[in-house]
Every structure is written in structure tokens, then in C-alpha cells.
Amino acid sequence: MTRMDQHPHQPPGPRRPDDSVQPSQGHRHRHGHAQGQSSAQARAQAQAHGHDTGHGHGHSHSHGPAAPVSRHLRKVIAAILVPFTAAVLVGLVVLWPGGAPSHKHSGVGFDRQTQQATVTRVVEVSCASVNASGGAPAGDGAGDASTGQKPGGTCKKATVRVDTGKDKGRTFTEIVQPDQPRQLHQGEQVVAAYEPTAPKDLQYSVTDVNREFPMTLLAGIFALAVVVVGRIRGVMALVALAVSFLVLNQFILPAILQGSNPLLVAVIGSSAIMLIALYMCHGLSARTSVAVLGTLISLTLIGLLGSVFIGWAALTGNTDDSTGLIHGLYPKIDMSGLLLAGVIIGSLGVLDDVTVTQTSAVWELHEANPSMGPRGLYRAAIRIGRDHIASVVNTLVLAYAGAALPLLLLFSIAQSSVGAVADSELVAEEIVRTLVGSIGLVASVPVTTALAALVVAADRGAPEAETSTGGHSLPTRGGRGRRRKR
């Protein structure tokens, strides 16, 4: 590779800080220093212009953000994003629910009172002696009449102690039949469902296993891996993740339960998550702002397509036990709007990845060759985007297929045709969700790439734009063409 930090007529060897430098890529830089300037000052000025300062390897180091765009373009971007951010804040204030509405527990599914409990003793007994075919308490972990189990065989009789709530220390008996998928073991931590209106000896039943420790351990391993590999960016990503869950649990879900329009709540909540996560993880810069604009345009497209096709396909959003329970408890909730809100929120995470990647690709291509115009930048970056599109679309389809695998198995067992399966509302919802989200993701690549190319290329004539940390421009390339540190 040709040395760009050495005059063509100068023999190899170290140079003084005030030696002239051959300009590259068609850009001209002023050389030389004021009379009487110290070597340290000269070296600092040379570094500010991206030149070698006398070191043999001659590459510059910078821990700041990427070279900024001009002040004029920053004002244009701010003129778009500031009103949008203000509108999101107003929406959060107006629609803030102040907590989920209270209701009387129905005792069905997740809508029941639960307490933590411990299995203190497990003994084997004859199923006939405990009337396991019809006399056991109902529950997810208990034997009941619905299994059709005939008396006979060996069952397990577990003694369970309640560890929380007003009945702490109370014990109850749980019968587990041999064909139950979940078997209880002594010392195991479980979740007990409580039904106050039932007879006293049937008020408690085991409904699930307490998975708090393994889930917490897995979350800790995940956080450690993110911090070790991502360092400060990893820490900020975890903070942004926590904020996203906070917005979801404190705003989106309670506001929908309060009766607010699910689509409006999802748009405002998703926008807040997008602004917080992107700027927190990637910094307050023009690069991030372009990614935000690309994400916003793509989310708008997803919302429009989702609204049209959910209505056109007559999807109600009420297709399983969970949605049926929600509709029964809160009949005023627009279930089709809830479906559309889920499409928007589900697409947001992958959209962030695509838009940030494409914006970074354009910025890096511009740093590698500052003479490239918007068309050249777009063509180079879109080739990266096409690879990204192929992998992301496949990821979405497989993710939804994996989540619906038990349902697909049921259709396979019934030997239903592909057309009949796709026409059922339960599967049609997933198809619309997948295709609408994928269209938005595909569209985000050219949209974001074009925006980034226009913004970066428009600054080719402003190499000395001010940075957020001083009045000098950051170097685009080092002496040997190496990338600067970020």
C-alpha cells in the first residue's frame, strides 16, 4: 500500500512535525505552523488534520464520535426529530395510565392468586387408595379426572408447605399421577395457586415450578457476556434494555388495560423506546439521528400495512385462551388493535439493528473514501444491505415458526392442507405479522441507506465542521489508511 504520510521526494525515515504532507483523496490541507510554535503544539495540530506526527507507523487515535456533519445539516435533523420527540413526550404524559386497573381474580389461567411453596415430603401410594381418578384437586401439577386415569398403579402423594402470604406455614396434599408430565420431588420450590372460595382442603394446588434461580442465573450470564464483550456499549445496552422493559410494563400494558387505543399506545411507546435505546447505545450524533429517522419511516409503513391487512383479512386478534381471557376481563379492549400493536412492537427490535447497521456502513464507506458521492455511497452500502435483508427475513420467519411449532404439529397430525392451515385465523395472524414486519424491514434498508448517503455526502465540502468536544475536525483516516479507534 502506498504510504500517504510521506512526501514522494523525501527519503524514508522520521520526519519533523512541521514537514509538509502530500494531500490525499483530492482534499487539500494547510501545512506548516506559526513561527515559534512548540513541537508539541505542532504535533497536536498535525493530529487534528489527520497527519502523521513523526511516529513510524503514523496512524491517528481518537476516542470521540465519528466525524460530525455540518452545523446546517444538524439543524435540519434537529428540526425533524425535536418536534417528534416533543410529540412523544406529550403522548406519554396524556396517556400515562398511572397503573393497571384492579379487578377481581377470575381464577382462570394466569389470573389467579399464587403463593410460593416447598415440597416437604413425597411418598408413593396406590392410585386406587387416594382415588386418583377423580378425587384429586385440580391444578396444572395435580392429577384430575380430565386425564381419564383409572384407579391402579403407583401415584405420588406430596406434602407441600406454603411459604408466603397469610397462610404461611400451612400444608396441603398434592396427588401426582404416573402419567403427569411434571413430577414433584422433595425439597423442590413450586408455585401454588390459591382459590379462596373453594373448600379449605382444596384451596391450594401446585400450578408450576419456581424457576427464579435458574432464570436469574441465566440473566446474569447474559449481562456478564454483554459487558465483557461490549464494554461501555454493553453497559449502555443493558440500561437501554431495562428502560425498554420499564416503558412496556409501566406505560404500554397498563394504558391498553385502561382502555386507550392500542395502536396509539404502541406507536408512542415504541417511539419512546426507540429514542431512548438508540441514543443511549449509540450516542447523540447525526449518525444515530439518521438511524432514528429510518426506523421511524419503517415503523410508519409497518403500521399502515398492518392496519390495512388486519382489517382486510378480518382478523379479530382473539384466537386463543389468553386473548379470550383478556377480552372476557376487559371487553372494551380492541383486540384487533392489540394485534397491530404487537406487530409494531415486535418489529422494533430488529428494525433498530438494520437501520443502525446500514447507517454505520455508509459512514464507514465515506471515511474510507471521502470523495464518493451519494450515489456511490448508496450503491456500495446497499450491497451490504441485501445480505442483511436475506438473513433478517429468514430469522423472522424461523422465529415465528419456532414459536408456533406445537400448533403446526397439530395441523400436521390432522393432515390439513397448506391452504386450510394458512386460511385459519390462528395461522393467518402469524402470517400477517411475519409478512408485514418483513416488508418494513426490507424497506428500511434502502430508506435508511439513502438518508445516510445524502446526509454524509452533503458534507464533503465541510471538512472542518465543529465537533461536540472542540473546534477541530476529527481525522477521517490515519497515515497508513488504518481506521481510527472509536
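Biologist: In which helix is Arg-231 found?

Modeller: A word on the model comes before the details. This is a predicted model, in which local features need pLDDT of at least 70 and side-chain atom pairs count only at pLDDT 80 or more, while totals for chains, interfaces and linings use all residues. Residues are numbered from 1 along each chain as its sequence is written, and side-chain values use heavy atoms, with hydrogens and water left out.

Now to your residue: Arg-231 is found in helix α3, which covers residues 212-257. Helices here are DSSP runs of H or I with at least four residues, strands are runs of E with at least two, and both are numbered from the N terminus. Arg-231 is not a glycine, yet its phi is positive, about 55°. This arginine is also exposed, with a relative accessible area of 65%. Exposed means over 50% relative accessible area, buried means under 20%, and partly exposed lies in between, using a 1.4 Å probe and protein chains only.

Ala-314 lies in a loop, between α5 (286-312) and α6 (321-329). This alanine is exposed, with a relative accessible area of 56%.

Of its 486 residues, 37% count as buried.
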